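Here's a quick tour of one fold. Have the viewer open while you read.

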Amino acid sequence: MQTIYLHHDTPLPPPCAATIGFFDGVHRGHQYLIDRLRQSARRHGLESMVITFDRHPRQVLHAGYVPQLLSTLDMKLRRLEATGVDRVVVLGFDRQMASLSARDFMAGVLSRRLNVRLLLTGYDNRFGHDRAEGFDDYVEYGRQTGISVEGGCEERVGGMHVSSSAIRRMLAEGDVAHANECLGYEYAIGGTVVRGYGEGHKLGFPTANIDPRTCHVMLPANGVYAVWARTGSDSAWHKAMLNIGVRPTFGGQHVTIETNIFGLSADLYGSRLTLRLVSRIRGERKFGSADELGAQLAADRDLCLRLL
């Protein structure tokens, strides 16, 4: 897969069939659309192209907006590469681009700069200033700019509508299992390991603590999760349990991300830890004593081992 960051001097690519969107998470709905794109591209003798943005458009349009992302740009590009698409174009989204009408965007960016000859739109996708126009408008602008426009269909999983916003709602409720089903893979979070408070070590459950400021995707609901953990550049995944919460038993007030990696005692401070979430096994609770918490953690570990 070729990745292009569009600049003023970017060479004109070969004629292509394209689709455009933010593609947060590259979930099964996105995968379905891109599979259709690749089929259409082959049918018309074109290369396939996914066009996305370097940041969430609302970050530009609304000052102070902090998106709850399912994937960073790097994560998104890796997921897009796995779809088998020929080319991904990353557009720098700014106020100038946000001000373009759909017609101006199709003529000036899609046709003139990216050589798009066929545009496949998502079933609910809109673009252009204020997202004011719809599919019939895109078809008409396509006639004027030499772009054939086709509409995509909705993808449903087990009767559920698949969208990035629906997946965010599932994660906010701790429903990792259904979120993973809609994603088509296990949701992942990661960040830099820092020193924690040490309570887990005293209880016999030492933890690697991720600095939340280095975790640039949405955290699921507070609670305990069965996860797979990978450290640094290690290729092996280790069974582990994760706790996300404020440590109510110890009077905590700030969210911590603590992972007990089974059978691993290496010094991980300063390294990157990546976690694939499999299942939430319980919500966050305040226990009457450290011993009571320790007994619960032992039961949590046994359940995580069975699930993994």
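In helix α7 (residues 164–172), the buried residues are Ser164, Ala166, Ile167, Arg168, Met170 and Leu171. Buried here means under 20% relative accessible area with a 1.4 Å probe, protein chains only, and helices are DSSP runs of H or I with at least four residues, strands runs of E with at least two, numbered from the N terminus. Their cover includes α1 (28–43), β8 (160–161) and α8. Just past α7, Gly174 has a positive phi of about 80°.

A word on the model: it's predicted, so local features need pLDDT of at least 70 and side-chain atom pairs count only at pLDDT 80 or more, while totals for chains, interfaces and linings use all residues. Residues are numbered from 1 along each chain as its sequence is written, and side-chain values use heavy atoms, leaving out hydrogens and water.

Now the barrel. Six strands close up in the order β9-β10-β13-β12-β11-β14, with antiparallel pairing; a pair needs at least two DSSP bridges. From one strand to the next, the twist averages 45°. Axes are lines fitted to C-alpha atoms, for helices over the stretch in contact, and angles run from 0 to 180 degrees between N-to-C directions.

| Helix | Strands touched | Angle with β14 |
|---|---|---|
| α8 (residues 176–183) | β11 (223–231), β14 (272–282) | about 120° |
| α10 (residues 290–307) | β11, β12 (238–245), β14 | about 100° |

Asp300 sits in α10. Why does Asp300 count as buried? Because its relative accessibility is 3%. Beyond neighbours within four places in sequence, Asp300 contacts Val224, Met241, Ile281 and Arg282.

Definitions and conventions:
Contact = heavy atoms within 4.5 Å. Buried < 20%, exposed > 50% of the residue type's maximum accessible area, 1.4 Å probe, protein only.
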